[in-house]
Amino acid sequence: MLQKSYTRWIFVLPAMLVVSALFVYPFLSSIFYSFTNKNLIMPNYSFVGFDNYRAVLIDPQFWWAFFNSIKWTVLSLVGQVLVGFALAIALNRIRHLQWLYKILLIIPWAFPTIVIAFSWQWILNGVYGYLPNMITKLGLMDIAPSFLSDSSWAFVSLVFINIWFGAPLIMVNVLSALQTVPAEQYEAAKIDGANAWQVFRHITLPHIKVVIGLLVVLRTVWVFNNFDIIYLITGGGPANSTMTIPIYAYNMGWGTKMLGRSSAVTVLLFIFLLLICFIYFKVINRWEKEGE
C-alpha cells in the first residue's frame with residue numbers, strides 16, 4: 001500500500017514541479033517585489049511597504065487603463081457570447097455539411113495571435129489598408145478612416161477584432177451543450193404548442209446556462225488579462241486610448257524599469273479578478289442547485 005502511494009507521487013511530481021516553476025514562483029515573487037522598490041536597472045532594493053500600491057492607486061493613468069479594461073472586457077465578452085451563441089444555434093439546425101461550416105467558422109481561433117494582429121494591421125491601415133480603401137471606393141466616406149491611428153476608431157476596432165477572434169470558442173462549446181439537450185423535450189414542447197421563445201426559455205436555456213456561465217468566467221479572465229493582441233496592433237495607443245491594465249503594467253515594468261510598482265499592479269489585478277470569479281461562481285452554483 002505504501003509503495004502504491006509513493007508511485008502516485010512519482011507520477012505527479014514532474015507536473016507539480018512544472019506548475020511551481022511556471023506559476024507559483026512568479027506569483028509569489030510578484031507579491032514580494034510589490035512591497036519593494038525593485039528596479040530592473042539597480043541591483044539593490046529595499047522594503048517600502050504599501051508605497052507602490054499607494055502610488056498606483058493615485059495614478060490617473062492606472063484608473064484610465066482600469067476603466068479601459070472594464071470596457072474592453074464587457075464589450076468583447078457580450079459580443080463574443082452573442083455572436084458565438086447565434087452561430088451555435090444556427091449550426092445546430094443545419095443537418096447537411098455541418099462539419100464544413102464548423103471548420104470555416106473556427107478558422108479565426110486556429111490562427112496564432114501574431115498572424116491575426118499583422119493581418120488586421122494590413123486590413124485596417126489608413127494608407128494602404130484594404131478596408132479603408134474599399135470604403136472610399138464605394139463612396140461611403142470621402143476620406144479613408146484611420147481605424148488604428150484615430151483614437152475614436154482604435155478602441156472600437158480592437159473590440160471588433162477580439163469578438164471575431166473569440167466568438168468561435170463560444171460557438172463550439174455552446175454547440176456541444178446544445179447537442180446534449182434531449183430531443184424528446186423538444187418534441188413534447190411542440191406537441192404542447194409551445195412557441196420558439198418558450199422552448200428556448202424553458203428547455204434550451206436551463207440545459208446550457210451552466211456551460212455559458214463557465215465560458216463567461218474563463219473568457220472574463222482571459223480577455224481582461226489580454227495583452228498580445230492589443231500590444232501587437234496598437235501598443236496601447238493612439239494617445240493611450242487602447243491602454244489596458246496589462247499594457248500599463250508592462251509599460252511600468254519594462255518602460256520605466258520599476259518592477260516593484262509593476263508587481264503591485266499585477267497583484268491588484270489578481271485581487272480584482274478573484275473577486276469577479278467569486279461572484280460568478282456564486283451565481284453558477286445557484287444555477288446548478290436550481291437544476292437539481
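1. Helices (H or I, at least four residues) and strands (E, at least two) are taken as DSSP runs and numbered from the N terminus. On that basis, the chain comprises 12 helices and 0 strands. The order along the sequence is α-α-α-α-α-α-α-α-α-α-α-α.

2. This is a predicted model, in which local features need pLDDT of at least 70 and side-chain atom pairs count only at pLDDT 80 or more, while totals for chains, interfaces and linings use all residues. Residues are numbered from 1 along each chain as its sequence is written, and side-chain values use heavy atoms, with hydrogens and water left out.

3. Overall extent and burial. Along the principal axes, the C-alpha atoms of the chain fill a box of roughly 80 × 75 × 35 Å. Of the 292 residues in the chain, 35% are buried; buried denotes under 20% relative accessible area, exposed over 50%, and partly exposed in between, with a 1.4 Å probe and protein chains only.

4. Nonpolar core. A nonpolar core is a set of buried Ala, Val, Leu, Ile, Met, Phe, Trp, Tyr and Cys residues joined through side-chain atoms within 4.5 Å. The largest such core has 35 residues, and those with the most contacts inside it are Trp72, Ile161, Ile229, Ile233, Ile245, Tyr248 and Val265. At least two residues of this core come from each of helix H2 (51-57), helix H3 (60-93), H5, H7, helix H9 (196-224), helix H10 (228-233), helix H11 (245-255) and helix H12 (259-291). H7 gives the most to this core, with 6 residues.

5. Helix H7. This helix covers residues 151-178, has 28 residues and reaches 40 Å from its first C-alpha to its last, close to the 40 Å expected at 1.5 Å a residue; the expected span is 1.5 Å times one less than the number of residues. A kink of about 35 degrees lies at Gly166 in H7, shortly before the proline Pro168. The bend at a residue is the angle between axes fitted to the seven residues ending there and the seven starting there.

6. Thr180 lies in the loop between H7 and helix H8 (183-191). Is Thr180 buried or exposed? Thr180 counts as exposed because its relative accessible area is 56%. Its C-alpha atom is separated by 8.8 Å from that of Ile208, 28 residues apart along the chain.

7. Nonpolar surface patch. Leu97, Trp99, Leu100, Tyr101, Ile103, Leu104, Ile107, Phe111, Ile114, Val115 and Phe118 form a nonpolar patch on the surface, with about 1000 Å² of accessible area together. Patches are made of residues with over 30% relative accessible area and no salt bridge, where like charges are joined within 9 Å and nonpolar side chains (Val, Leu, Ile, Met, Phe, Trp, Tyr) within 5 Å. Accessible areas come from the Shrake-Rupley method with a 1.4 Å probe, and for residues only the protein chains shown count as cover. Helix H4 (98-110) and helix H5 (113-124) each supply at least two residues of the patch, the largest share, 6 residues, coming from H4. Leu100 lies in helix H4 and is classed as partly exposed because its relative accessibility is 31%.

8. Salt bridge. The structure holds 1 salt bridge, a term that requires a side-chain nitrogen of Lys or Arg within 4 Å of a carboxyl oxygen of Asp or Glu. The side chains of Arg54 and Asp51 meet in a salt bridge at 2.3 Å, N to O. Both residues lie in helix H2, 3 residues apart, about one turn of the helix. Asp51 is partly exposed, at a relative accessible area of 39%.

9. Loop between H10 and H11. Pro238 is placed in this loop, and a cis peptide bond with omega of about -5 degrees joins Gly237 and Pro238. Ala239 is found in the loop between H10 and H11 as well. Although Ala239 is not a glycine, its phi is positive, about 55 degrees. Ala239 is exposed, with a relative accessible area of 74%.

10. Helix H11 and the residue Lys257. The buried residues of H11 are Ile245, Pro246, Ile247, Tyr248, Ala249, Met252 and Gly253. Lys257 is situated in the loop between H11 and H12; its phi is near 65 degrees, a positive value in a residue other than glycine. Lys257 is partly exposed, at 27% relative accessibility.

11. Helix H1. Ser29 is found in helix H1 (residues 2-33) and is buried, with a relative accessible area of 15%. The C-alpha atoms of Ser29 and Lys289, 260 residues apart along the chain, are separated by 39 Å.
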